[in-house]
Amino acid sequence: MIPVYEDNHIIIVSKSCGEIVQGDKTGDTPLSETVKVYLKDKYQKSGNVFLGVVHRLDRPVAGLVVFAKTSKALSRLDVMFSKGDVHKTYWAIVQNVPEIPERTLVNWIVRKEKQNKSYVYDHEVPESKKAILHYKVIGHSDHYCLLEVNLMTGRHHQIRCQLAHIGCPIKGDLKYGAKRSNPGGGIDLLAHQIEFVHPVSKKTILATAPVPDNRLWKDITSNVED
């Protein structure tokens, strides 16, 4: 967990792949509790620390997570996220180069909760939800391609399943067709940047996650194309 931005009302941290944002049936310590301990120690608080969870990031994904430090910020951020007023940009390392270097994908997704997996269709089907994202190629390595992804909707595993649907599974993502797993079980998807109007001060907040500390990420992002 790396703090990226903090003020009186919000804190933005960059999580590692493998961390869970909120507690689940695994019983593993969630990121929310780690941030509470960080704030408690930093400000030497004797009582409980308020921390509101406003969105999640899949366990195998790294990058930015926003938390609310006050109830005022929590209620306003909840509305902003639900209305799509928070703009998130992801970086994804994928196995294959897309046939079209920049494109908007429009699909319909059906989530199967028992499998914890989503299925993509090119037309509307029962129980499906429309899913829209925009991607563009911004970098290459010898064997992989780096995509910048902007979400227009927020569906379950949306980036993972939509990119796999066009033949570009994310590196390490066995669930959606990657050839092999990554050490530690993470996938090469990074919540790279987040931008929104501060819920209290009304200033524009723009935060950027550090690139994962491994050779592939360093190499593939060293010459990111504008």
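**Exercise 1. Find how many salt bridges there are in this predicted model.**

Step 1. Apply the rule: a side-chain nitrogen of Lys or Arg lies within 4 Å of a carboxyl oxygen of Asp or Glu.
Step 2. Count the pairs. The total is nine salt bridges.

**Exercise 2. Work out which parts of the chain the E6 and K42 pair ties together.**

Step 1. Check the contact. The side chains of E6 and K42 form a salt bridge, at 2.8 Å from N to O.
Step 2. E6 sits in strand β1 (residues 2-6) and K42 in helix α1 (residues 31-42), so the bridge joins parts 36 residues apart in sequence.
Step 3. E6 has 21%, so E6 is partly exposed. K42 has 44%, so K42 is partly exposed too.
Step 4. Look for a network. Salt bridges link E6, K42 and K69.

**Exercise 3. Decide where D58 and R160 lie, and whether each is buried or partly exposed.**

Step 1. Check the contact. D58 and R160 meet through their side chains in a salt bridge of 3.4 Å, N to O.
Step 2. D58 is in the loop between β3 (52-53) and β4 (62-68), while R160 is in helix α3 (residues 158-165). They are 102 residues apart.
Step 3. Compare with the 20% cut-off. D58, at 27%, is partly exposed. R160, at 6%, is buried.

**Exercise 4. Describe the salt bridge between R160 and D173.**

Step 1. Give the distance. It is 2.8 Å, N to O.
Step 2. R160 belongs to helix α3, and D173 to the loop between α3 and β10 (189-197), 13 residues apart.
Step 3. Check burial. R160 and D173 are both buried.

Note on methods
Residues are numbered from 1 along each chain as its sequence is written. This is a predicted model: local features need pLDDT of at least 70, side-chain atom pairs count only at pLDDT 80 or more; totals for chains, interfaces and linings use all residues. Side-chain values use heavy atoms; hydrogens and water are left out. Helices (H or I, at least four residues) and strands (E, at least two) are DSSP runs, numbered from the N terminus. Buried means under 20% relative accessible area, exposed over 50%, partly exposed in between (1.4 Å probe, protein chains only).
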